[in-house]
Amino acid sequence: MNIFNNLVLVSASKVNSLSSIQHKRNKLSAKIFEQMQVCEAEMNNTVYAPKKLRTFTNKTTSETTLLEVNKRIRKWYWLTNDGKYNLCIKYGSRTLTLNKDGKNAIELKDKQSIINTLKLLNDGVLKGELDSAIINVSAITKKGFHKK
């Protein structure tokens, strides 16, 4: 056991679960990265089409098959009438409110500025700057699941 004499040994246990807010941050960060990929693909005149596995069942034979299909991604940005882009941040199907005045979109001039803004937003999400907006949207979503 001479190998262990030169190493620092500690008693440790791995934490298998994240806090709920950290899980929500990671979820939003992944979606922001996905939007960056969509915008970069549009700028390069290509299509960003990630794959997902989907199970189909044959109704006559009840046989299930697993197929790889394109994942559907909805863009968070759109072109306005004045030639600028609006970008909203979505958590699930709901749009986040970005400030106390109720503003929910960012106005940008081109697709490169969309990518730059998404990078800034991703950093902010991972630092916890959008936690209150995420919690508000999560609370509204949770209300929809409670029985009346």
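How many bridges join strand 4 to strand 7, and in which direction do the two strands run? In this predicted model, strand 4, which covers residues 85-87, is joined to strand 7 by three bridges, and the two strands run antiparallel. Within this pairing, Tyr 85 has Leu 108 of strand 7 as its bridge partner. The two strands belong to an open sheet of three strands, arranged in the order 3-4-7 with antiparallel pairing. Strand 3 (77-79) and strand 7 (106-108) are the edge strands of this sheet, since each of them pairs on one side only. From one strand to the next, the twist of the sheet averages 25°.

A further antiparallel pairing is found between strand 1 (residues 51-57) and strand 2 (residues 64-70), which are joined by seven bridges. Lys 51 has Asn 70 of strand 2 as its bridge partner, while Leu 53 stands opposite Glu 68 in strand 2. Strand 1 and strand 2 form a hairpin in which six residues lie between the strands, and Ser 62, located in the turn, has a positive phi of about 60°.

The packing of the helices can be considered next. Two packed helices are described by the angle between their axes and the distance between the axes. For helix 1 (residues 20-43) and helix 2 (residues 111-127), the axes come within 9 Å and cross at roughly 170°. An angle over 145 degrees counts as roughly antiparallel, and helix 1 and helix 2 are therefore described as roughly antiparallel to each other. Their crossing is left-handed. The contact involves residues of both helices, among them Leu 28, Ile 32, Met 36 and Cys 39 of helix 1 and Ile 114, Ile 115, Leu 118 and Val 125 of helix 2. Sorted by class, this contact of helix 1 with helix 2 comprises 11 nonpolar, five polar and five charged residues.

Helix 1 also meets helix 3 (residues 131-143), with axes that come within 11 Å and cross at roughly 100°. Because angles of 65 to 115 degrees count as roughly perpendicular, helix 1 is taken to be roughly perpendicular to helix 3. On the side of helix 1, the residues that take part are Ile 21, Lys 24, Arg 25 and Leu 28, and these meet Asp 131, Ile 134, Ile 135, Ser 138 and Lys 142 in helix 3. By class, the contact of helix 1 with helix 3 has four nonpolar residues, one polar residue and four charged residues.

Charged side chains were examined as well. Side chains of opposite charge can pair when their charged atoms come close. A search of the whole structure finds six salt bridges.

Conventions
Residues are numbered from 1 along each chain as its sequence is written. This is a predicted model: local features need pLDDT of at least 70, side-chain atom pairs count only at pLDDT 80 or more; totals for chains, interfaces and linings use all residues. Side-chain values use heavy atoms; hydrogens and water are left out. Two strands pair if DSSP finds at least two bridges between them. Helices (H or I, at least four residues) and strands (E, at least two) are DSSP runs, numbered from the N terminus. Axes are lines fitted to C-alpha atoms, for helices over the stretch in contact, and angles run from 0 to 180 degrees between N-to-C directions. Angles under 35 degrees count as roughly parallel, over 145 as roughly antiparallel, 65 to 115 as roughly perpendicular and the rest as oblique. A crossing is left-handed if the near helix is turned anticlockwise from the far one by less than a right angle, and right-handed if clockwise. Contact means heavy atoms within 4.5 Å. Ala, Val, Leu, Ile, Met, Phe, Trp, Tyr, Cys and Pro count as nonpolar, Asp, Glu, Lys and Arg as charged, and the others, Gly among them, as polar. A salt bridge is a side-chain nitrogen of Lys or Arg within 4 Å of a carboxyl oxygen of Asp or Glu.
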